[in-house]
Amino acid sequence: SPRPLPRLPSAATVHLAAGNNAASRANVNRRAGRSLRASVLPTDQNYSKKAFPVLSLDYHHIHVPFEIALWVLLASLMKLGFHLIPRLSSIVPESCLLIVVGLLVGGFIKLAGEKVPPVLDSQSFFLCLLPPIILDAGYFLPIRPFMENLGTILMFAVVGTLWNAFFVGGLLYAVCQIQPGNPSDLHNLELLPCLLFASIISAVDPVAVLAVFEEIHINELLHILVFGESLLNDAVTVVLYHLFEEYSGAGTVTILDGVLGVISFLVVALGGVLVGAIYGFLAAFTSRFTSHVRVIEPLFVFVYSYMAYLSAEMFHLSGIMALIACGAVMRPYVEANISHKSHTTIKYFLKMWSSVSETLIFIFLGVATVDGPHSWNWTFVTVTVLLCLVSRVIGVIGLTFVINKFRIVKLTTKDQFIVAYGGLRGAIAFSLGFLLEEKHFPMRDMFLTAIITVIFFTVFVQGMTIKPLVELLAVKKKQEAKRTINEEIHTQFLDHLLTGIEDICGHYGHHHWKDKLNRINKKYVKKCLIADERGREPQLIAFYHKMEMKQAIELVESGGGFKPPSALPSTVSMQNIQPKKPAAAKPVQRALPQLPKGREEEIRTILRSNLQRTRQRLRSYNRHTLVADPYEEGFSDFIIKKQKIIELEKKVRASATRFVIPPHWFCCLIQSRKHTRQEKKRKKRAVLSFSLQQQ
């Protein structure tokens, strides 16, 4: 019989078969897993029990943070040992000793046969070590002397740096082309690489200037001139560096490239300032709402500042100028909002952080000198050092000759010598040289050797001899004096007086614009960025409160044997301040007189209203709108007379429309109106002279 045809499987049968296959695969996988675990896990047959390790070593797991902590500890111990020997600190600057320590550490690592770690690479320097130093300088920057000398600082920073770069680069290229019959590697050096090297080595370094000038205690004018130059020449250095690096391969620079370079300088400088100001206002606005979470107030200052630096670097703007602008903008508003504890935390943390970074930079500079690739050329190195000195001296003398024509307080010959001699170079130049690629710049090793030589010469020779020269020349030093209420009153009075004189003369100088900015700041900005009533408090009362707080804390720290008054604000914490020597025999005295709260509020109201009235009386004179003072005597009589004159003129106009005036009446009317105008001018002059006498 024929075989039956096979039946096609239904859908349910197919689904069941698929499920059976999946189940069988799962069983296979489970059996494989059991066999794998059986092969991995120890069994009774092949497992031998070992002793449990009590102590084990895994240095590779923690070597990076451990080495960082060792470097910080070494830097702190060196700084501590330096200040324990006062005679040594009076002879040798701290930066010189730290470089020597770095050289010794690098030498020991080299002798031990180990590879010297690349401690001072450009990434760690520009992103980790440099920002704390610049933030500390910008946050505590003396704004008033900096703004008063801003024109002089910009001349030294912009024109002086451009002069140094082109003078050193041009003459260095000329020296390298001498003696063509004696072939050497210097003859292959082109003009653009020489200009690039000169732009790196010409800028004054802020880290080296801070390290040396803070030890010699130079007067405030010279300190702000040299330090301000070192801060603001960053934009010029960045633009020149990128410009010459970009066109070194092309070999030519056109006029269009020069114009684009000028535009790039403006963008880099002003863009960095704008980015820093934006983050500074954000930090001030955020601190307005931190009254209930005081513990995170310092964090906003540090984070916003670092974000400003990183944002500027992200767009290739000047990160140094961004940090300076951020610190200077945020400080007055942040300090009005935060507590005294937070202010102390910010102050000491910034000082500690910047001090450790500065110490590490100089130690790492010594270590990198031992390990770095060097190519010594006597001609190139010697000519570079000499040209740096000569260009600095010529630039300072020439620029000062121009600047003194516009300055009220002239820069003397001694001041010019200190400014020229204080142009120190530092680790910024080394890091910029380290960024050069060897395939584009075959002389990179020779450039690095010359940069290190210039740094060592300026730090060791000029840094060690500037203090004796300051004492020999009897240059005026910094005087540590506390500001008093009397000085504050006279300073404000002189500001108002000079603003009024500029308005009368029709000259819109910096006093005029400063007064305009102060008015805008008090009227709009403080209301948005400062919380509570502190934004509307007069400047003199705010300064008095600050002095009162300092005096109270100093009296408590000095151990006068008294109890702090209960009228002090609640933001001051006295629990950690203990008197050094308790004097039980002395009678208990109060640091400040304790007043009832009602009486104190009444005194503040009287002071505030009187100061506001005084401010209204001292408003600046404007020659276009002459307004008499309502507090002056005779003002009401003047108003009455003016109204009578206006009414008389209206009556004359009305009568003129009704009938025709005879010719002789018309002449009399003209004479009368002319006499009236002369009388008004005479009264205006009298009111103006009287108001000036009162002011």
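Buried here stands for under 20% relative accessible area, with a 1.4 Å probe and protein chains only.

Leaving aside its neighbours within four places in sequence, Phe380 is in contact (heavy atoms within 4.5 Å) with residues including Leu172, Leu186, Phe197, Met446 and Phe447.

Helix H2 (residues 59-84) has a kink of about 40 degrees centred on Pro65, where the bend is the angle between axes fitted to the seven residues ending at a residue and the seven starting there. Trp71, Ala75, Lys79 and Phe82 of H2 are buried. An α-helix has 3.6 residues a turn, so residues three or four places apart point the same way. Among what covers the buried residues of H2 are helix H3 (86-91), helix H4 (94-111) and helix H15 (340-371).

The mean pLDDT, the predictor's confidence in each residue from 0 to 100, is 76 for the protein, and 72% of its residues reach 70 or more. Over residues 612-633 the pLDDT is below 50, and this stretch has 36 contacts in the model beyond near neighbours in sequence. Where pLDDT is low, the predicted coordinates should not be read in detail.

Residues are numbered from 1 along each chain as its sequence is written, and side-chain values use heavy atoms, with hydrogens and water left out. Local features need pLDDT of at least 70 and side-chain atom pairs count only at pLDDT 80 or more, whereas totals for chains, interfaces and linings use all residues.

Methods: Helices (H or I, at least four residues) and strands (E, at least two) are DSSP runs, numbered from the N terminus. Buried means under 20% relative accessible area, exposed over 50%, partly exposed in between (1.4 Å probe, protein chains only).
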